[in-house]
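Start with the structure itself, then read on.

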Amino acid sequence: MIIDRTDGEYDVAVVGAGHAGCEAALASARMGMTTLLATIHISDIARMPCNPAIGGLAKGQLVREVDALGGEMGLCIDHAGIQFRMLNRAKGPAVWSPRAQADKKRYHIRMLRALEEQAGLDILEAEVEKLVVEGGSVRGIGVSGGGFIKAKRVILGLGTFPNGLMHIGETKIQGGREGEPPSCRLSDDLAALGIERKRLKTGTPARLAKRSIDFSRCEEQPGDENPEPFSFRTERLDVKQVSCYITYTNTDTHEIIRKNIGRSPLFSGQIKGIGPRYCPSIEDKVVRFAHKNRHQVFLEPEGLDSEEIYVNGLSTSLPRDVQMGMLRTVPGLEAAEIVRYGYAIEYDFFPPHQIHSTMESRRITGLYMAGQVNGTSGYEEAAAQGIIAGINAVLSLRGEAPFAPGRHQAYAGVLIDDLITKEIDEPYRMFTSRAEHRLLLRQDNADERLFRFGVRFGLIDRDLWAGMMRRRKRVEAARRRLVREQVQAADAAGILRRAAEGLPGGDGEEKGAAIETSRAIRLLQRPGVSLGEVEKALPGGLLGLEPREIEMLNIGIKYDGYIKRQKRTAQRIVVMDKMRIPEDFNYDIGALSTEAREKLRKFRPETLGQASRISGVRNSDLSILMVFLGRKSDRPARDWPGDAEPQEQGRG
């Protein structure tokens, strides 16, 4: 419900209605708490100010995890997606990642409707200028015009608004993003409360008029023929998919950039914040990768009815005339018309060593931080932090144990653990390579890993859990049959021969002892052998599995050894994460290295496992800590994702 008053009292107040704020507010209200969502402009709720897409490498896994916990992002992109692709299909399933182009307007409308229809959730259009704190605990928020709203818990999802400053060449414009004012008073107030802040930089490319692009000079990139939904609650996608296009910069483009590099605020010293290493501006790429003659550029529509094309790969803060000049050198863009120019933006963030793994501030009780205020980049990273902040704010109000997924349980766990144990000196972006157990954290099994928590918190219907368990039982029954059944030698030889023909360099000759393989499950473990081929050779007919169950079975069999190995490794880490370190632990231990003492005081790890992941803490330091801690904590370990029936809590 949209309200216009600037007083009242709530259990939870969420400041900022980006992707972090929306998920936090919905989680809080759905768990039965009276919740306020405050935003400067309701028209900008869940806006995509940069890339018009959801998902991507590792980010797609985060979206699936948010969905498995009961979040809204997956449902929104299933509704608003205009092109769906599963990335990395040519590689192993550990790195498959769903991605979808979004109709930005439809995404906003879908999320706004979910917020407006949610019982117990009010939406207020106002600027929050102050955090009200008494005795080290949050008491509410102060809004523009002098209003005060009481709140027992406050979640900040401020995006790039804190002291936001945009740069286009030599021109500087105060703003959180194009056309919107920055949030200066609130950032300054947080600093006055003793919360450390620093500066980061990000950027966005120009938007072009679709009619002005010659797509015939570009490579077409269509969506998947059988698109897969993001949400486990979406049965099927019925969507009109559109194509994206690929083109490339060239030596002429790079020469224009080099001649004008001194006019770039990134290189002139005008920008002080540190930009993202993994998503650099085009001028940064030209300087850092001087040996490359071209860089890939993706032309992505911003909606079915939108005339704007997002130029992914050409993020820049160069002056307007230089942006126009370099675009005109790119094939297909020779006559391009710029609808909106690219710009860089500097903003305040609050280094996340100041928060717990629950997203709660170490300095102010009851204050939670989520999204770019913690130094992350990306809608998906923000949404994951938002839903975990929302859940934990409610759990703390109930006096219940907090929810902090481990690195072995979720990419969200990897994300948060990295934030609180590593120096964040550039915008943090999630990659599959950051997850040491990524074969356990696949995009297809997020429901198996996290549904039980969603049910426990009242955010996922128990029927979804039951359906997931039925799928798992059918897959396990099929696996047992494949272990039991023998395939006739002649059939096995034919299967292996056809598999060899389909492999690179295959000549149809299966060599050596492999030809004698006849047990069904052993056949499936061979490269190139499909379940369909083995099914045909089974006595008594087919296994009768649905497409998703077939994929689950295939992955489980072909990667069985790797999965078991990663589980053993993860279990050792869980043991270290059982060993709690008191919040007030004194690190003035002479036997610790000087660097370890400094880092441990700064990051104040909650467990020995977290301490082991802090740069500068050596194995010898960990051994000393174990001695001083005396014994393993009695506090239970984080749950392993198993089959335990979840205990459902109340739902608002």
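## Strand β11 and its two partners

H167 has A344 as its bridge partner in β20. The model is predicted. Strand β11 (residues 165-168) pairs with strand β20 (residues 343-349) in the antiparallel sense. Three bridges link β11 and β20.

Strand β12 (residues 171-174) is also a partner of β11, antiparallel over four bridges. Here M166 stands opposite I173. β11 and β12 make a hairpin, with two residues between the strands. G169 sits in the turn and has a positive phi of about 60°.

Are the residues of β11 buried or exposed? L165 and H167 point to one side, M166 and I168 to the other, and all are buried.

## The six-stranded sheet

Six strands build an open sheet, in the order β15-β16-β17-β18-β14-β19. Their pairing is antiparallel. The edges are β15 (219-221) and β19 (338-340). Each has a single partner strand, so one side of each lacks a neighbour in the sheet. From one strand to the next, the twist averages 35°.

Inside this order, β14 (residues 207-209) pairs with β18 (residues 308-312). The sense is antiparallel, over three bridges. L208 stands opposite I309 of β18.

β4, β6 and β5 form an open antiparallel sheet, in the order β4-β6-β5. β4 (53-55) and β5 (81-87) are the edge strands, and each pairs on one side only. Neighbouring strands are turned by 15° against each other on average, direction ignored.

β4 pairs with β6 (residues 97-102) in the antiparallel sense, over three bridges. I54 stands opposite A100 of β6. Helix α2 (residues 59-68) packs on this sheet and touches β4 and β6. The direction of α2 makes about 80° with that of β4.

## Helices α1 and α10

Helix α1 (residues 19-30) packs against helix α10 (residues 379-398) at an angle of about 30°. Their axes are 7 Å apart. Angles under 35 degrees count as roughly parallel, and α1 and α10 are therefore roughly parallel to each other. The crossing of α1 past α10 is right-handed.

Which residues of α1 meet α10? They are H19, A20, E23, A24, A27 and S28. On the α10 side, the residues are Y379, A382, A383, G386, I387, G390, I391 and V394. By class, the contact of α1 with α10 has nine nonpolar, four polar and one charged residue.

## Helices α3 and α4

Helix α3 (residues 73-80) and helix α4 (residues 104-117) have axes that come within 9 Å and cross at roughly 135°. That angle makes α3 oblique to α4. The crossing of α3 past α4 is right-handed.

From α3, the residues in the contact are M73, L75, C76, I77, H79 and A80. They meet R106, Y107, R110 and M111 in α4. The contact of α3 with α4 divides into seven nonpolar, one polar and two charged residues.

Terms used:
Residues numbered from 1 in each chain as written. Predicted model: local features only at pLDDT ≥ 70, side-chain atom pairs only at ≥ 80, totals over all residues. Heavy atoms only, no water. Pairing = 2+ DSSP bridges. Axes fitted to C-alpha atoms, helices over the stretch in contact; angles between N-to-C directions. Buried < 20%, exposed > 50% of the residue type's maximum accessible area, 1.4 Å probe, protein only. Contact = heavy atoms within 4.5 Å. Parallel < 35°, antiparallel > 145°, perpendicular 65-115°, else oblique. Left-handed = near helix turned anticlockwise from the far one by under 90°. Nonpolar A, V, L, I, M, F, W, Y, C, P; charged D, E, K, R; others polar.
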